[in-house]
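Hello,

Here is the structure I promised to send over. Have a look at it first, and then read my notes below.

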Amino acid sequence: MNKVIFFNHFHKGDTHTHKEFIRQIKTELKNFEFEYYTNNPQKLLDELGIPITGNPNQFDKSKPLYKNGNTLCVNTWVGCFWDVFCKHGGINMLTLYEQWGKLYAAINKTFGTSLALKPSMEEYLPKINYGLINTQDVDDFLKFRKNRFKVLICNNEPHSGQSFVSDMTDIINQLADEYEHVDFYCTNTIETTTDNVFFTNEITKFADGCDLLELSYLSTNVNVIVGKNSGPYVFCETYDNYMDPTKTFISFNKKHPDYQEIKETMSNDLTLKCKYKAVPIYNIYVLSQQETDLIYNSIKEALPNEKA
């Protein structure tokens, strides 16, 4: 039987961003076997019904494909076609769309299949079946916050240098003090004395381990999603959230010197219904006062002036 082994050397967000391309492959190639080699948790792939069976370290992360008999190994890293990655300015749907077009063509050439990209890039925005995870703890928490304006702040430190490292303690506390009628849900714990700042591990009830799917579910119930283009924020970048006109995204991204605009965001060049603001950050290790003010004001602009 023909087999496709997907492999990826990198982080949890990688299993999310290319998810719909893999879903299409698995749906259309019905008589194939599928496996995944990754160091990420199995639960992130359960929805696709693909088991994690190996470690990706046996492969060169820069090579897009390996063929061995009736098995084709397919690199799902967004940078595996480096020319495409650089052409479109990094991690965005333009890069993914062209990359997977090349991968589809390679699969077709190998197996005589007829995979073809869908005409709309928006169709490849990730979708999550929340019915497959336990959302009860999140639902129980939200019952008591029904009429509150809610802001999810992914204040974790990015793993790949795509944004600033600060956990935003001072900014979050200042906003929470000024906007007592707003709830702030933070992915990383901070020192705070306010009663409208909460931490997502207390909401999802995950003291440790992977709660990115539960966090994504929480994001469907908030008004504003703030982040740094890294794991927790990326899992909030779903088709449903992007097509929700009541939602606002604020992404703080390291400014690439070669581009006038921020290109390394999944929203780049897509037709969305949500509000999306990408904010440039120049020094990711030590924020200037100007950048601190910019971060604060970018979030403040998305908050209601009066109590709901």
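**What I found**

At 47% relative accessibility, D177 counts as partly exposed, since buried means under 20% relative accessible area, exposed over 50%, and partly exposed in between (1.4 Å probe, protein chains only). Please keep in mind that this is a predicted model, in which local features need pLDDT of at least 70, side-chain atom pairs count only at pLDDT 80 or more, and totals for chains, interfaces and linings use all residues. Residues are numbered from 1 along each chain as its sequence is written, and side-chain values use heavy atoms, with hydrogens and water left out.

D177 sits in helix α6 (residues 169-178); helices (H or I, at least four residues) and strands (E, at least two) are DSSP runs numbered from the N terminus. Together with E178, E180 and D195, D177 makes up a patch of negative charge on the surface. Residues in a patch have over 30% relative accessible area and no salt bridge, and like charges are joined within 9 Å. A salt bridge here is a side-chain nitrogen of Lys or Arg within 4 Å of a carboxyl oxygen of Asp or Glu.

Now to the rings. The structure holds 23 aromatic pairs. In one of them, the ring centres of F6 and Y36 are 5.9 Å apart with the planes at 40 degrees, so this pair is tilted. The pair joins distant parts of the chain, as F6 in strand β1 (residues 3-7) and Y36 in strand β2 (residues 33-37) are 30 residues apart. F6 is buried at 0% relative accessibility, and Y36 is buried with a relative accessible area of 0%. Y242 and F249 form an edge-to-face pair, with 5.1 Å centre to centre and 70 degrees between the planes. For the cut-offs, rings of Phe, Tyr and Trp (its six-membered ring) pair if their centres lie within 6.5 Å; planes under 30 degrees apart count as stacked, over 60 as edge-to-face and the rest as tilted. Ring pairs also link F6, F32, F34, Y36 and F111 into a cluster.

F249 is buried, at 0% relative accessible area. Its C-alpha atom is 4.9 Å from that of I225, 24 residues away along the chain. I225 belongs to strand β9 (residues 224-227) and is buried too, at 0% relative accessibility.

One backbone detail to end on: D269 has a positive phi of about 70 degrees although it is not a glycine. D269 lies in the loop between β10 (248-254) and β11 (275-281) and counts as exposed at 54% relative accessibility.

Best wishes

Key
Patch = residues over 30% accessible without salt bridge, like charges linked within 9 Å, V, L, I, M, F, W, Y side chains within 5 Å. Areas by Shrake-Rupley, 256 points an atom, 1.4 Å probe, with all protein chains shown as cover. Lys, Arg positive; Asp, Glu negative; His and termini not counted. Charge placed at Lys NZ, Arg CZ, Asp CG, Glu CD.
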